Amino acid sequence: MFLDRAVPDSLAYYRFLDLEPDPALLTALEHVDYRTTFILDLLPLAADYARTEDTAAQQRIHELLTQVYEALPLPVVRVPVLSAEERVQFILDRL
C-alpha cells in the first residue's frame, strides 16, 4: 500500500503555517510505522485549481516534509526527477 499523504505530513503543514502542533498529532507521530518513506524531488510547479502555492511555498513545504520524515526513525529514500515510468521503477526497486 502506498500513501500519498500520511500523519507526518500534518506536522510539516503546521510548521509551514506557523501553528503550534495539536497534541493529538504529536501523540500520533509517536506511533507511525512505515516500512519506507519515499520523498520525490520536486518537478516544476504546474498551477491548477487545487495547488495555490507559488514556487517558494512549494519548495518550503518540500523542505519541511523532508525535515519531518528524516527526524523520524524511518528509512527515507529520495527519488530523483525521472520520467513517471522511471520513478515507478526506482521505487519498486527499493521496496
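This is a predicted model: local features need pLDDT of at least 70, side-chain atom pairs count only at pLDDT 80 or more; totals for chains, interfaces and linings use all residues.
Analyst: Residues are numbered from 1 along each chain as its sequence is written, and side-chain values use heavy atoms, leaving out hydrogens and water.

User: Why does Phe-2 count as exposed?

Analyst: Exposed means over 50% relative accessible area, buried means under 20%, and partly exposed is in between (1.4 Å probe, protein chains only). Phe-2 has 56% relative accessibility, so Phe-2 counts as exposed.

User: And why does Gln-58 count as buried?

Analyst: Gln-58 is at 18% relative accessibility, so the buried label applies. Gln-58 sits in helix α3, whose buried residues also include Ala-57, Ile-61 and Tyr-69.

User: Which residues does Gln-58 touch, not counting those up to four places away in sequence?

Analyst: Contact means heavy atoms within 4.5 Å, and Gln-58 touches Leu-42, Leu-43, Leu-45 and Glu-53.

User: What covers the buried residues of α3?

Analyst: The cover includes α1, β1 (37–40) and β2 (76–79). Helices (H or I, at least four residues) and strands (E, at least two) are DSSP runs, numbered from the N terminus.

User: How do you know that the span of α3 agrees with what it should be?

Analyst: The expected span of a helix is 1.5 Å times one less than its number of residues. Helix α3 has 17 residues (55–71), so it should span 24 Å; its end C-alpha atoms are 24 Å apart, which agrees.
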